[in-house]
Amino acid sequence: MKTYGGSAPSYATTKRWVSDFKHGRKSLKDSDRCGRPVIVNTPETISKVLEMVMRDRRFTTRHIAETLHLSHTTVHQILIKDLQMRKVSARWVPRLLTPEQKHIRLNQSRDNLALFNRDPDNFHARFVTVDETWVHHFTPETKRSSMQWKHVDSPPPKKAKATPSAGKVMTTFFWDSEGILLTDFLEKGRTVTGDYYSSLLVQLRENIKSKRPGKLTKGVLFHQDNAPPHKAAVSMATIHQCGFEIVPHPPYSPDLAPSDFHLFPNLKNHIGGKRYSTDDDVMEAVEGYFGSLSKTVFWEGINKLQYRWEKCVRLGGDYVEK
């Protein structure tokens, strides 16, 4: 009684259970009684539980049970079986999209699918994308990449929480389905401006000419996000002069950018947990990593675009998780 309080069975009930067990009557079920059994999950009770959940979806089963004077088991059964609900964590998204932003993502995904379907056999061969990212001297290892095997009885491994180092290098990657076309490491003290980005576009065209013979003849489908240097007038003029056809990219959409959902996560996983002393060490590590990758890795990143555009359309413009 001290441990379980009022929910503990009485002394008489416990004594009867012991007697039943001694005489071979092992069932601990209640004795048969007259009348109908009490049914708790009635339509009225289910309605009350639903009303509470809709009022605040963060209510715990314990709070609902105490408020409605029901057992925890009953509330859990109503939520799972009768209402077919599950309690899940909120999913992190880059931004809470407005209806207008979803509409833009929906329409541009449709346009890009039409662009793909116009020449599906040559889409991968023509597609080129670009994006920038900071590469730190120290990038913490992700929780997933630090997973390790252990015995059932051994304690789980521990690691201290770490943050990226202050030392970092701004890196720009131009790539296609075969590999990296151009890598640029920004000098300290400089920023990426429209003029600077335009000079990279000119270098890109020369690299395509030498590394991918025939690609310029087929026509380059050029994909970039909406960063100010990318959309600057001088940059757009250079893209036009290079003869590139722009692949539209909606705002706030890293889930539709191959660098963000494919290239950069793989890079950060590779360098995660490693420390570099200088910017030169970082650059060497980055170039070494991409130089070791097969063409398949890059092809897979571009290939995922069609699926993501299709899913974005199915979701009405909402974010694509995977």
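**Ground rules**

I am working with a predicted model, where local features need pLDDT of at least 70, side-chain atom pairs count only at pLDDT 80 or more, and totals for chains, interfaces and linings use all residues. I number residues from 1 along each chain as its sequence is written, and side-chain values use heavy atoms, with hydrogens and water left out.

**Overview**

I began with the secondary structure of the chain, which comes to 13 helices and five strands. For these I take DSSP runs, numbered from the N terminus: helices are H or I with at least four residues, strands are E with at least two. I then checked burial, and buried residues make up 36% of the 322 residues in the chain. My cut-offs are under 20% relative accessible area for buried, over 50% for exposed, and partly exposed in between, with a 1.4 Å probe and protein chains only. Next came contacts, meaning heavy atoms within 4.5 Å. Among those between residues at least 6 apart in sequence, 72% join residues at least 24 apart.

**Strand β1**

I went back to β1, residues 127-136, and found it mostly covered, with nine of its 10 residues buried. Two strands pair if DSSP finds at least two bridges between them. With β4 (residues 221-223), β1 runs parallel, joined by three bridges. With β2 (residues 168-176), β1 pairs in the antiparallel sense over nine bridges. I picked out one of these partners: Glu 132 is bridged to Thr 172 in β2.

**Helix α10**

Which residues of α10 are buried? In this helix (residues 233-242) I list Ser 235, Thr 238, Ile 239 and Cys 242. They sit on the same side of α10 because they cover an arc of only 105° around the axis. That arc is taken over the directions from the helix axis to the C-beta atoms.

On the face turned away from the buried side I found the exposed residues Ala 233, His 240 and Gln 241. Just after α10, Gly 243 takes a positive phi of about 80°.

**Positive phi away from glycine**

His 69, which is not a glycine, has a positive phi of about 55°. I place His 69 in the loop between α3 (61-68) and α4 (72-82), and His 69 is exposed, at a relative accessible area of 73%. Gln 84, also not a glycine, has a positive phi of about 50°. Its loop is the one between α4 and α5 (99-118), and Gln 84 counts as exposed at 67% relative accessibility.

Phe 138 and Tyr 276 are 138 residues apart in sequence, yet 6.4 Å apart in space, C-alpha to C-alpha.

Arg 212 lies in the loop between α7 and α8 (215-218). Arg 212 is buried too, with a relative accessible area of 12%. Leaving aside neighbours within four places in sequence, I see Arg 212 in contact with Asp 176, Glu 178, Gly 179, Ile 180, Leu 181 and Asn 207.

**Cavity and pocket**

I searched a 1 Å grid over the protein atoms alone: a cavity is a set of points where a 1.4 Å probe fits but cannot get out, a pocket is an open set with protein on both sides within 12 Å along at least five of seven lines, and lining residues have an atom within 4 Å of a point. Grid points are joined across faces, edges and corners, and a volume is the space filled by probe spheres set on the points.

The count comes to one cavity of 30 Å³ or more. The largest cavity has a volume of about 30 Å³, and α6 (120-126) gives the most to its lining, with three residues.

The second largest pocket has a volume of about 290 Å³. Of its 12 lining residues, Trp 92, Pro 94, Asp 255, Val 320 and Glu 321 lie nearest its centre.
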